[in-house]
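Hello,

Here is the structure for your files. My notes on it follow below.

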Amino acid sequence: MILLTRFALRRLLAALLVLLVLSIAVYALFYVLPGDPARLACGPKCTADQVAQVRTQLGLDDPAYAQYAHFLHGLFAGTDISTGVGTEHCGAPCLGFSYQSGEQVTSLLAQRLPATASLSLGAMVLWLVIGVGTGVLSALRHGGLTERLLTGLTLAGNAVPVFVIGILLMLLFVSVLGWLPFPSYVPLTEDPEQWAWNLVLPWLALAILESAKYARLTRSSMLETLAEDHVRTFRAYGVRERSVITRHALRGALPPVIALTALDLGTMFGGAVLTESLFGIPGLGKSLVDAVKTEDLPVVVGLVLVTGFFVVLANAVADVLYAMADRRVVLA
């Protein structure tokens, strides 16, 4: 337990360092490299004098290191931002104000996060159940007709884009069969039943696409684990096959699946752009599309940082879970 705790603390410190480097890279990419954030903030009809005034208000005339220090201070302690007619406080973590709505970016993202979380977590449960189950079954039926059939299905599922899967699902279950309503996001707090029914198709669309690679990864991991000496030893001693599969072989095959789940879930928490746009889900992915269209720079920067945060956090948690599944990682 002590070794595991130390390992978790090391991963936490490493994650904080990665986030710091990420913030530097994002700030340099959007605010320091060639471009004019003042022009975007002011708008296309502003005169040169007005743009210069906005640049001064945003502190863009300061040296790059001073600008980044102010940006970092806003993330941890909040800051006061000039609006041209006064000064408005932006609470921590401050990502600035939207050029389009004038709303704090943090508040805007907080409003959209529940929709993305609903989509991501529900789809994750489905793709793990389908993908891991299919992979285990393929490994146990290695060389047979069942394995070849499942391998073909997973390859087909992975080859079809998510928007094609989504359209086909809507045509089948909404237009032809009439089993499900046309997706229209309903918050969980308003109506849990309608929340679930309206997310079934987005969940299925993502799960069908993602489960294919999980099936292939689980199958290959299971085949490797089943060929290891300790599994053959358990079988030789007469341990029940069900126990060998669930307690030993599957547990040894899970670490790669955990690592992939962390990466996919972290990225998806930053916004499943195509799925949210297709099904009209007001999540972070749809916000990113809208922000790019309107050149709303603070929202774009905020979404990139949020995506990076979730990816780093998910991978840190996955490393800890990986170590719990295989204690040899802690000693490495």
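Thr-79 is part of strand S1, which covers residues 79-82; strands are DSSP runs of E of at least two residues, and helices are runs of H or I of at least four residues, both numbered from the N terminus. This is a predicted model, in which local features need pLDDT of at least 70 and side-chain atom pairs count only at pLDDT 80 or more, while totals for chains, interfaces and linings use all residues. Residues are numbered from 1 along each chain as its sequence is written, and side-chain values use heavy atoms, with hydrogens and water left out.

Thr-79 has a relative accessible area of 10%, so it counts as buried (under 20% relative accessible area, 1.4 Å probe, protein chains only). Setting aside neighbours within four places in sequence, Thr-79 is in contact (heavy atoms within 4.5 Å) with His-70, Gly-74, Glu-88, His-89, Cys-90 and Cys-94. With His-70 there is also a polar contact between the two side chains, at 3.0 Å. That term means a pair of N or O atoms within 3.5 Å; within protein, one must be able to donate a hydrogen and the other to accept it, and residues adjacent in sequence count only if both atoms are side-chain atoms.

As for the protein chain overall, it has 14 helices and two strands. Its C-alpha atoms fill a box of roughly 80 × 55 × 35 Å along the principal axes. Of its 332 residues, 40% are buried. Among contacts between residues at least 6 apart in sequence, 63% join residues at least 24 apart.

Regards

Technical notes:
Buried < 20%, exposed > 50% of the residue type's maximum accessible area, 1.4 Å probe, protein only.
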